Amino acid sequence: MLRSTFLPFFVSSPFPPAQAFALRAYLPRPPPVCKYSSSAQSPPPPPPTSAYVHLPFCRKRCHYCDFPIIALGSSTPHRPDTDPRISNYVQLLLREIAATRAWSDDCSPLETVFFGGGTPSLVPPGFVSSILDALKSRFGMCDSPEVSIEMDPGTFDKEKMERLLELGVNRVSLGVQAFQEELLRACGRAHGLKDVYEAIEIVTDCSELQNWSMDLISSLPHQSQEMWEESLRCAINARPTHVSVYDLQVEQGTKFGHLYTPGEFPLPTEMQSADFYRTASRMLSGAGYSHYEISSYCKDRYECKHNLTYWLNRSFYGFGLGSASYINGVRFSRPRRLKEYEEWVQKLEDGLVVLHEDISVDTKDMAMDVVMLSLRTAKGLDLRGFAKCFGKSLARSLCQALRQHVESGHVVVMDDDRNMLSYPEFELKMSEDNDEMGNGVASIRLSDPDGFLLSNELISIAFGIISP
């Protein structure tokens, strides 16, 4: 998986001064270990009903990737079903799942499972089945869970696809990234354009699979506006139910990090990247996709339920190398190196790792999480709910701090019926004395696409109000 246009939400301090579109998103990957503590008492989130499972295997490391992976190589002497690196890792995963106690004795069963990587489609279906069985045995599973798996072109055939569907996988995230051979090569992707079209054919020919997503990357080296529009057209023609659009982030320590400087040729300028984002919004919205989250588009009722767990700030389990969890108000991650992860699992089995300890939660940290995650969605921030949790005066102060962006149209204000308020209506309601929040000011969201493009700056303003 890739980072999208937003910063990680596992931070507890305001963002630095932001430039427009200098944004990066958290995907289910390891944040720094972070525990909240404060004298302020806030109710913890409900028990987890989602689980992320990290399968770190790839044929090779892509030039932009800084995720914890295990590169198998293209000339390995082992078949995936006999490769000891895969089988040994899966056994380690199963040990971790078995040693992880449920949040409480009466926890709700899992409603979503997401296999991310890495390239999970390299893992034989039998191992995926073992992991699903272990999760079900340990935590239970609802009658119709969403079970997603990331798959790369060139790593699966029709037989493997059908086998995964038989095991309970019902959502596929296809990592296409680009529809130009030269861009795929420039990224160091292990697949080519022929693999892309073969993978799309396999996925669309499976009548049992009704829910699948396609990933695309913008702002690649030497990527032109014409190339980007071609990739979007090809994606739309493939008719996935979901499309994720990620803006390239150049990470230190990666090959791209050694070769390129953000904003300098052959990478696009900041303005060109913003144009890519606007183009995606225009073309995908015009094709009937709802822009429900800053980097995600879907057909009606095909939002990714698992990812909504993150955006709605709900608890979730994480398992595997470098994976992150959020349980009982605590965010934490496993080690990113395999040897250290092995040692961590052993300590977990020996009772030396406490995952669900009772702690108090810093109210300011919680408020910042809620603002950051809510404003990356089309639904936006529920001011009524926010005021109930964190106080009417804070909710009102947020509105006041963002008023010039309401006037500019980057922040949209809505009433209780989700009707948009004009700036004069907003000012009038905020001036009324009969409601500390402003009578009829129910929620705020960022406009699409220009508000999303300024989200880093706008969230920085909000953080400055919450934790001055």
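**A sheet and a cavity, explained**

Guide: In this predicted model, four strands form an open sheet in the order β14-β17-β15-β16, with antiparallel pairing.

Visitor: Why is one side of β14 and of β16 left without a neighbour in the sheet?

Guide: β14 (381–382) and β16 (420–421) stand at the edges and each has a single partner strand, so one side of each has no neighbour there.

Visitor: What makes β15 and β16 a pair?

Guide: Pairing takes at least two bridges between the strands. Strand β15 (residues 411–414) and β16 share two bridges in the antiparallel sense, so they meet that cut-off and count as a pair. As for a bridge partner in β16, Val 413 has Leu 421.

Visitor: On to cavities. How many of 30 Å³ or more does a search of the whole structure find?

Guide: Five cavities turn up.

Visitor: What makes a residue part of a lining?

Guide: A lining residue has an atom within 4 Å of a cavity point. β6 gives the most, with four residues.

Visitor: How do the residues of that lining divide into nonpolar, polar and charged?

Guide: There are eleven nonpolar, nine polar and seven charged residues in the lining of the largest cavity. Gly counts as polar and Cys as nonpolar, while Asp and Arg count as charged.

Technical notes: Residues are numbered from 1 along each chain as its sequence is written. This is a predicted model: local features need pLDDT of at least 70, side-chain atom pairs count only at pLDDT 80 or more; totals for chains, interfaces and linings use all residues. Side-chain values use heavy atoms; hydrogens and water are left out. On a 1 Å grid over the protein atoms alone, a cavity is a set of points where a 1.4 Å probe fits but cannot get out, and a pocket is an open set with protein on both sides within 12 Å along at least five of seven lines; lining residues have an atom within 4 Å of a point. Grid points are joined across faces, edges and corners, and a volume is the space filled by probe spheres set on the points.
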